[in-house]
Amino acid sequence: MKKFSIEPIFRHGYLMSVVAFTLVPILFTLATSFKYFRDIISGSLTFTPTLVNYQRLFDPSQSNFVRLTFNSLVVAAGTMVIVLVIASLAAYSLSRFRWRPLWSGLLLGTILFIHMLPPVTFLGPFYLIARSLNIYDTVLAVIMGHIILNLPTATWILLDFFAEIPKELEEAAMVDGATHFQSLTRVLLPMIQPGIAAAGALAFIFSWRDFLFSLSLTSTPRGMTIPVGISSFVQEYSIRYGEMAAGAFFAMIPALLLVAFAQRFIIKGLTLGALKG
Amino acid sequence: MRFTTKPSNLSPASSQAVRVNRLGDFIDRTFQYWTIAPLIITLLLLVAYPSIQLIRMSVSEVDIVKGETVWEFVGLKHLETAMQDPVVPVALKNTLVFVIAVVIIETFLALIISLLVSRSKHLVGFYRTVMLIPMLVPPIAIGTMWRLMYDYNYGFINQALALIGISGPTWTADPNLAMPSIILVDLWHWTSFMFLIILAGLESMPQEINEAGRVDGASESQILRYITLPLLRPTLVTAVMLRTIFAFKVFDEIFLLTGGGPGTATEVVSLYIYDVFSKQFRLGYASFLALGLALIISLFVIFYRRIGRRAQG
């Protein structure tokens, strides 16, 4: 018979304090976003909930948040599609064909390296490119930056998924007379759907949450995304706590959805570079 | 699954069909290259070309006059500027303090948390789910949340302190507390990254070894010290190196919480490069500093691959 031990109580007690540390800022922000200004100041635990902060945030006559949300969605969706096309084709090519180690190593090495570089190093050249292509202050300029941001993770996730499919399946299709294109679109891509979902979801989220590229490649609500809007809230109107909180919580929704519904797909992608040398 | 056979086997060989078919065959034989082409083109346009531009910009004065980019070659002038720039050493020092502090504290915390989680049978999924959240929410939202937390009058922390009769400090506006406040936010954001890696390392460990240790009469602390930690070493080395490299990227939270201040108390390299680029609009000098940062990171990456190989081999 196992003897009674208090160790689990301490263990879960400690872990619960970590959970509390993680959740308190989020819950405090959520609560603030539903408070009238007088309740924010009073600091009491009870308050009359209100949607007034969200209403102000999404009222086009008072803020450009609707426009920024639209931009964020276009940028994130556009980045996701472009990155998925490039990354799935490249991952297919690198994993299903024979490449000289020099070439595959050069490509994968470059990808891993740009994943490690601080994005601030790209700012100057990207600014000049956006200027010369006349796309400065448009969503296209932001998408250009986000492709570089997301290509490494997506390629690596999809490489993993392609590598798990046995070669025989593809060979069977070839024997039946399929071209490479047919075997890719009808055999391989359907099989790596979970990988495409994971890579796509991460590309969307990491485009949605990026701040630096949008900040430096746009200057008006024409091309700006949500994070830049929130940051201007914080700087210009340091007293509008309710809207700040509402904006911050709204910006977190995609991440919370992803955590709730797709977490087992994304852990691999988040720890990219750690599980691969 | 059924596949249609190639058209050539069915249709009568009109000359056009043959030509289309030849093209199809050619594409099929070289499919390997067609599928890699988009990646190579993207890397040439968005990595190789910008890299050359970055190097060119770092030895030039670049300005935009009436929509036209004007270049003037200045050689190593930006190096001289950087040597005399009083902010550069401060930003380097702050970055170093920040990187070393967050890497050490996060590794230590994540190690404890993942050891505790790996010993648990219950709630493992719950802990993992909660720990995933900080990695995915927008850093700007993190900055905003902590701004609300740190607020002198209405923030959670000072209101909680007021309940027990302590009047809280100004946190991010206090020169001595600004950097620790930033570090605390980073712990909130990034400890889970280390946790996920270390937990994966712990879970991939063969359980039999621990069991064998236990059968041989080793205490729990001996198992930890002589079995678990040595086996975890490669994972830890990788996690630490990777986190170090990523810590240099820090930007969003500091931009929002302190903007590098008060004074230069939290001015880090990324933030300073952005300021030179965007507020002072000195494109050439900003590019020179960016190139310097990229070189520092490159050294770390090379170092990391060496260490990583040794730890695994």
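Which residues have the most contacts inside the largest nonpolar core? The legends below take up this and other views of a predicted model.

**View 1. The largest nonpolar core.** This core has 154 residues. Those with the most contacts inside it are A:Ala87, A:Leu158, A:Ile205 and A:Ala248 from chain A, together with B:Ala141 and B:Ile273 from chain B. The element that gives the most to this core is helix 7 of chain A, residues 139-163, with 16 residues. In soluble globular proteins, nonpolar side chains tend to be buried together.

**View 2. The surroundings of B:Ile273.** B:Ile273 is one of the residues with the most contacts inside the largest nonpolar core. Leaving aside residues up to four places away in sequence, B:Ile273 touches A:Val120 in chain A. In chain B, B:Ile273 touches B:Ala286, B:Leu289, B:Ala290 and B:Leu293.

**View 3. The contact between chain A and chain B.** Chain A puts 84 residues into this contact, and chain B puts in 79 residues. On the side of chain A that touches chain B, helix 1 (residues 7-33) gives the most, with 14 residues. By class, this side of chain A divides into 60 nonpolar, 20 polar and 4 charged residues.

**View 4. Chain B as a whole.** Chain B has 13 helices and 2 strands. Its radius of gyration is 27 Å, well over the 20 Å that the globule rule gives for 313 residues, so chain B is more spread out than a compact globule. Taken along the principal axes, the C-alpha atoms of chain B fill a box of roughly 95 × 75 × 40 Å. Of the 313 residues of chain B, 36% count as buried. Among contacts in chain B between residues at least 6 apart in sequence, 70% join residues at least 24 apart.

**View 5. The two domains of chain A.** The domain assignment of chain A gives domain 1, residues 7-52, and domain 2, residues 60-270. The C-alpha centres of domain 1 and domain 2 of chain A lie 32 Å apart. Where these domains meet, the contact takes 7 residues from domain 1 of chain A and 6 residues from domain 2 of chain A.

**View 6. The side of domain 1 of chain A that touches domain 2 of chain A.** Helix 1 and helix 2 (37-42) of chain A each supply at least two residues of this side. Helix 1 of chain A gives the most to this side, with 4 residues. By class, this side of domain 1 of chain A has 3 nonpolar, 3 polar and 1 charged residues.

Conventions: Residues numbered from 1 in each chain as written. Chains lettered and ligands numbered in written order. Predicted model: local features only at pLDDT ≥ 70, side-chain atom pairs only at ≥ 80, totals over all residues. Rg over C-alpha atoms; globule rule 2.2 N^0.38 Å. Buried ≥ 20, exposed ≤ 12 C-beta atoms within 10 Å, placed from the backbone. Contact = placed C-beta atoms within 7 Å. Nonpolar A, V, L, I, M, F, W, Y, C, P; charged D, E, K, R; others polar. Core = buried A, V, L, I, M, F, W, Y, C linked by C-beta atoms within 7 Å. Domains from an automatic or database assignment.
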